[in-house]
Amino acid sequence: MLKTATESDYQRLCVLCADSAFGSYIVCRATAYGFDKSFAKIFICENELGEITGAVSLLDNNAVVVAKENCNFEELSFFVASFGFSSILTDSVTAKKCGFQNFEIKPVLCFEGFGEDFKTDSSPEMKSVYELFCSSFPDSYSRDKNSYLTWLSDYTYRKNRGCCRLKAICDGQTVCAAALTCSECQESAVISSVACNEKYRRKGYGKAVTISLANELRIENKKVYVISQDDNTTVFYQKIGFKICGEAAYIERL
């Protein structure tokens with residue numbers, strides 16, 4: 001049975017979502033925004049024994065799905081299809097069991113430690129960080145003033161709730177490189193954005209800021225994941241201590 005989750009389901013949701021990059025997204029959203037906002041909702045699947053077997057998180061019409069082997073995938077698939085999400089992110093096994101079509105496969109990597117660490121800045125000038133992300137990820141970040149203020153407000157809101165963090169390496173007022181977690185919970189974190197200023201590339205800044213962030217998270221006993229976007233990105237992460245641990249399935253509805 002699928003139903004809207006409530007605060008009373010939080011601990012059970014954490015158990016379901018442990019040891020999963022996708023689960024990190026869901027628990028992070030529950031922690032930051034709650035369970036039933038106009039823009040953020042969480043649904044759970046329960047079996048006849050009342051056990052949670054799956055969960056769907058909705059944020060701004062984008063869904064993340066987690067499911068156990070004993071989940072009712074037919075019901076889950078019907079729910080996702082009828083809801084009409086703009087995009088869906090889940091693991092490839094769940095995507096196949098739900099019968100999703102035309103999804104992209106992206107490798108999921110987990111940090112296993114690299115040993116060395118680097119000096120970084122946890123409080124860089126945020127407008128400069130945003131400009132760096134705009135240059136590196138033009139499809140995801142807009143240079144519009146209102147977009148920056150919205151991003152900064154949301155980042156600050158989630159950071160204050162322990163749901164994300166940022167590391168940067170600076171040369172004076174210039175941000176050389178920055179790495180950001182898009183989701184964090186007690187068990188895990190997902191690094192979503194790593195960018196290096198064009199003038200400082202091939203000098204190890206991207207490697208340094210990513211390792212520093214991953215090491216800090218590992219010290220807190222969190223599993224650290226990334227979802228790679230292409231082969232070059234995968235190679236980069238593998239060289240600094242990440243290993244492929246699964247596959248993500250991404251479906252975008254136009």
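Biologist: How far is the sulfur of cysteine 245 from the closest cysteine sulfur, and which cysteine holds that one?

Modeller: Keep in mind that this is a predicted model. In it, the closest cysteine sulfur to that of cysteine 245 belongs to cysteine 110 and is 5.1 Å away, which is too far for a bond, because a disulfide needs the two sulfur atoms within 2.5 Å.

Biologist: How many disulfides turn up in the whole structure?

Modeller: A search of the whole structure gives zero disulfides. Cysteine 170, for instance, is in none, and its nearest cysteine sulfur, in cysteine 176, lies 6.6 Å away. Cysteine 170 is also partly exposed, at a relative accessible area of 28%.

Biologist: Changing topic, how many helices and strands are there?

Modeller: The protein has eight helices and eleven strands. An open sheet of eleven strands runs in the order β1-β2-β3-β4-β5-β11-β6-β10-β9-β8-β7, and its pairing is mixed. At the edges are β1 (2-4) and β7 (166-171), each of which pairs on one side only. On average, and ignoring direction, neighbouring strands in this sheet are turned by 25° against each other.

Biologist: What packs on that sheet?

Modeller: Helix α1, residues 10-17, packs on the sheet and touches β2, β3 and β4, with its direction at about 100° to that of β3. Helix α2, residues 21-33, lies across several strands, including β5, β6 and β11, and runs at about 120° to β4.

Biologist: In which sense do β8 and β9 pair?

Modeller: Strands β8 (residues 174-184) and β9 (residues 188-196) pair in the antiparallel sense, over seven bridges. Within that stretch, threonine 181 has isoleucine 191 of β9 as its bridge partner.

Biologist: What span should helix α7 have, and how far apart are its ends?

Modeller: Helix α7 covers residues 205-219, and at 1.5 Å a residue its 15 residues should span 21 Å, which agrees with the 21 Å between its end C-alpha atoms. Its buried residues include Val209, Ile211 and Leu213. Just after α7, asparagine 221 adopts a positive phi of about 65°.

Biologist: Last one: what radius of gyration does the protein have, and what would a compact globule have?

Modeller: The protein has 18 Å, in agreement with the value near 18 Å for a compact globule of 254 residues. Of those 254 residues, 50% count as buried.

How values were computed:
Residues numbered from 1 in each chain as written. Predicted model: local features only at pLDDT ≥ 70, side-chain atom pairs only at ≥ 80, totals over all residues. Heavy atoms only, no water. Buried < 20%, exposed > 50% of the residue type's maximum accessible area, 1.4 Å probe, protein only. Pairing = 2+ DSSP bridges. Helix = DSSP H or I, 4+ residues; strand = E, 2+ residues; numbered from the N terminus. Axes fitted to C-alpha atoms, helices over the stretch in contact; angles between N-to-C directions. Contact = heavy atoms within 4.5 Å. Expected span 1.5 Å × (residues − 1). Rg over C-alpha atoms; globule rule 2.2 N^0.38 Å.
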